Amino acid sequence: MSYTSIITESLIEPGEIVGDYAILGNVALGLFGALYVVRDGRSGSKHLLQVLPDALAKSPRPTESLQEVVSTLSELSIPSLLTPDLVEELGDSVCLRYPFVDGETLARYMEDPAHWEGLPEAKVTHILGEISKACAAANAVDMPHLALSSEHVILGSDGAVKVYGFGVFGAIHRRRWELFVSTAINPLAGEKDVRFLTSLDTISPEVRNNEQGDERSDIYGFGIVAYWLLAGEKPGRELMPVLPARLKVAKGWSLVIERCAESRPKDRYTHFAALQSDIRRVDELTPENLGQKVQEPGRVARNVDRVPLPAMVERRLTNPQQRILRLVMLGLLGIVSVGLGGYFMRIVLIDAEPVAIVDVRAGTVERANTILRIEPQRARVDVETLSESPPVFVSDGLALLRLPAGDHRLRVSAPGFRQTHIEISPGRTALEKAVLLTESFGHLRLRGPPGAYLFALPQREEGSPVYVGTISPGGSLDVPDRLLAVIHRLEVRAPGYISRRFEAVRLIEGEVLELEAELVRVPAILTIATDEDGIPVRIDGEPVGVTPFVADYLPSGVPIRVEVGGDIHERQAREIVLEAGGRERIDFGTLGVREGILRVEVLFEGHPPSPVDELRIRINGEEQEPSSRLETVRPVGRHTVQVDHPDYFSAEQILVIDEGAESTATFSLVGRPARLRLETSGESFRLLLDGEPAEPGNGYLELPASEQTVVTFIVPDHLAVQRTFRPRPNETVVWRPELRPLPGPVAGQAFTVPHLNMGLSWIPAGVFTMGSPRAEPERLPTEDIQTSVRLTRGFWMAQTETTQAAFRAIMGTNPSRFPGADRPVESVTRSEAMLFAERLTAFERQRGRLPRGYVYRLPTEAEWEYAARAGSLTAFPWGDTAGPTDGNFSGQYPRDFRGGMREFQQREEFGTVPVSRFAPNAWGLYDTAGNVREWTLDAFHDRLPGRDQVDFVRWDGGRGYVVRGGSWEDFAHRARTAARERANPELRHPGTGFRVVLAPELSR
């Protein structure tokens, strides 16, 4: 199991309740549990709560050891040391409570990508300085951390640094720790993420190997944290990590970190005071002056330390004990000279004496020059004249100090006692002094039930409570001088009430602490019964359940109103006073029932149901006799009526029946849709339901019941088939449509090409005069000589110029400059236009829709003018004048040159417009004047042939090919019916397009 999974498997989510605490959020996740922000439901205040993993908190439970941790650390007053104030067992969990700190852990702070390259040196120095102060103070009272990591350091929003978790490792049963490590995390190593520093990365080698740890073990973890803060990543697994060369920090940091991270404890700094000294002068550190200003083992001691000892011995003995044993071994071997005793004294006494005084503890009476006999026996001594010396903690009333010569001011303090100051000047002989501290009392003011008793509880469970006082009839108790100014555990007791405990009550001399003890009466048990079960019960007006009902939480000694009954049954009530812890029963017997009449009427839309006996009526889930009319007597209140029929949609109503009244539920059932099953031959088809597209599901098409519906069956290249249905509800109708192929065009009738939406107009055979008369304004010589042309066979011509949609459907491309599905295709060559006609011919011929001898092709020049004129003899199909409202071209016809360039200003659009925007000619053809010029079959000749012509067409010999009709960019005179223009067959122009004819096939 991974490190991450073992610490998150029991993570408590925000909003959950643990004991009296509401979880507000998670602050840290670590090997020794999670740290949460919680709110105390008793006082409403915020705290930090460390919940130990269940695997570490199981029997033997560490609660008693943690109580000692709280008691010892509470005597320290180091700002950076976050000390717990309470140990609690909440269910199966063991928890440590800390004062609330608004901030985030170093681990989460370093998750910011801005910190992945390391923190500024000044900030690191500040953070490490605060961490070292906390570690030094805790180790001074024998409370090492042993698992210091980024998860245990909190950066407050106010800039303060707080370290927590001291003493927790030591309080855990060693065997429990070994099992936890071996079964939960194997091997004991950090995650692969180089930026996530955990306790697994900072635990010293000796602690990893289940050996005894001390202050030097915390110094190891301190060095790893220092590297991580400076480099932004964890060090490698080598014994002495070296900072990357890219870091712009003092070179002395590498020396400090190497000394801290030595694998053997004896090679590290011996205490934090020495480490702090080197950090203060990190800019000046060299391998030669490393650790010179503080207590370090001398040269002889270092030589002695090199004498090997068995690993088991090293694990069991402290450093001084190991040195003595090595000296004895050297003496036995005859290696050490007679001067061994002198060197021994130097090792034990001289080397142990600091060059710069930072530790005033003498250790033995022989070495002490100041002896204080203190009452009480547990006390603390601070040498105020030596700012760097740690405090001395006394547990047996005897303080042994070794002070440098001079005048000193000592401060002696103890929990619950007033501190005192002593001025002393130690000399050559030991100075003894008795110190008697005066008790310091706090002032407690308690409010609660009159007659309740206040007890002070022992810090340990085996002690006995001490009576403090009784709350007066006025509801208060004033205790000004009976409780010492320390942390107390208090309990308020009263007959008939549940006791109330107050944990970690801190009293301060000179301050009044007010407590409110709201006691809850011991509950009584009341059983409420009626002859019929399920009758609603109310206690003091609040609904609590139904009979038979047992209330095991009711208060004693006060009147309680019990009421049964409700909307259906008549109500009865009784009042009772219960005794504390008593058991009572109230039986209300039989309650009367209130009734009314319920009627049900069922109507059917459309066809009546068949058969009617399939109708189902249920009242409150109870089946009734099948009938469209029903009348029944029912209790008052809400009733649910459900109506079902297999051919109709179910319906439901909720009715409220009043006593003696009639209520009717009327249902108008809607028929379920009918199903139309189509029997086809597997061809692809589309369906329209009343003209709207419809898709069958699972082979069926749903039809509305009892309504007339028109279904259209459409198969490509076949005539659509329609049928009208009026089915019964839930009926299945079978239909096999009879298909007929789409017919082809019929002479004399218009025709629409299927799938292309291309309409064709029938153009009858006939005779017309081709070209323009000489009197027609602005005619060109190419329109001469007027020629009589006879067309012997009728044909069909497309009503519009070929659209872009039709061109894309056949050719798969669209070369147009002015896109639009309903605009004419343009920028096409003559060969592309002819290829379109050939493909359309092949498509329609394959489907059998072409008349014999007819094909789709470009019109001849004669066919085009004949169809465009539609029997007219004027310049345009509609007359001899034209303007922008008649077609998509420019200017007026005839032109008025006096207007200059005014004609250009009459254009409202640039480019083509959708086909059929303007009025058609007499034969239904659109845009024969303007929009795009249209390709024809004929080669271009400068003059018409003259004389009488039959089915006139000229294939060859010309200059290019004829285009007719003018375009959007031409003036009106170029769009006249007789106007002829020449174009290269490969021309691509946004003003050139085409339309097709279905006409007799021509041969050259």
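Ser827 lies in the loop between helix 17 (804-811) and helix 18 (830-846); helices here are DSSP runs of H or I with at least four residues, strands are runs of E with at least two, and both are numbered from the N terminus. Ser827 is not a glycine, yet its phi is positive, about 60°. Its relative accessibility is 10%, so Ser827 counts as buried. Buried means under 20% relative accessible area, exposed means over 50%, and partly exposed lies in between, with a 1.4 Å probe and protein chains only.

The model is predicted: local features need pLDDT of at least 70, side-chain atom pairs count only at pLDDT 80 or more, and totals for chains, interfaces and linings use all residues. Residues are numbered from 1 along each chain as its sequence is written, and side-chain values use heavy atoms, with hydrogens and water left out.

**Backbone features in loops**

Asn698 is another non-glycine residue with a positive phi, about 55°. Asn698 sits in the loop between strand 42 (692-694) and strand 43 (700-703). With 79% relative accessibility, Asn698 counts as exposed.

| Cis peptide bond | Omega |
|---|---|
| Thr547 and Pro548 | about -10° |
| Asp784 and Ile785 | about 0° |

Pro548 belongs to the loop between strand 28 (542-546) and strand 29 (549-554). Ile785 belongs to the loop between strand 49 (766-770) and strand 50 (787-791).

**Nonpolar cores**

A nonpolar core is a set of buried Ala, Val, Leu, Ile, Met, Phe, Trp, Tyr and Cys residues joined through side-chain atoms within 4.5 Å. The largest has 54 residues, of which Ile131, Phe222, Leu229, Leu243, Trp253 and Leu275 touch the most other members. Elements that each supply at least two residues of this core include helix 5 (121-140), strand 8 (153-156), helix 10 (215-231), helix 11 (252-260) and helix 12 (272-280). Helix 10 contributes the most, with 11 residues.

Which residues does Trp253 contact, leaving aside its neighbours within four places in sequence? They are Glu121, Thr125, Leu128, Leu230, Leu243, Ile279 and Val282, where contact means heavy atoms within 4.5 Å. A second, separate core has 31 residues, among them Met758, Val825, Ala837 and Trp935.

**Helix 10 and helix 12**

Helix 10 and helix 12 pack with their axes 10 Å apart, at an angle of about 30°. The axes are lines fitted to C-alpha atoms, for helices over the stretch in contact, and the angles run from 0 to 180 degrees between N-to-C directions. The two helices are therefore roughly parallel to each other; angles under 35 degrees count as roughly parallel, over 145 as roughly antiparallel, 65 to 115 as roughly perpendicular and the rest as oblique.

In this contact, Glu215, Asp218, Ile219 and Phe222 of helix 10 meet Phe272, Leu275 and Ile279 of helix 12. Five of the contact residues are nonpolar, none polar and two charged. Ala, Val, Leu, Ile, Met, Phe, Trp, Tyr, Cys and Pro count as nonpolar, Asp, Glu, Lys and Arg as charged, and the others, Gly among them, as polar.

**Strand 14 and its partners**

Strand 14 (residues 408-414) has five of its seven residues buried, so it is largely enclosed by the rest of the structure. Strand 14 runs antiparallel to strand 11 (residues 379-383), joined by four bridges, and two strands pair if DSSP finds at least two bridges between them. Leu410 in strand 14 is the bridge partner of Val383, and Leu410 also has Ile422 in strand 15 as a bridge partner. Strand 14 and strand 15 (residues 417-424) are antiparallel, with six bridges. They form a hairpin with two residues between them, and Gly416 in the turn has a positive phi of about 85°.
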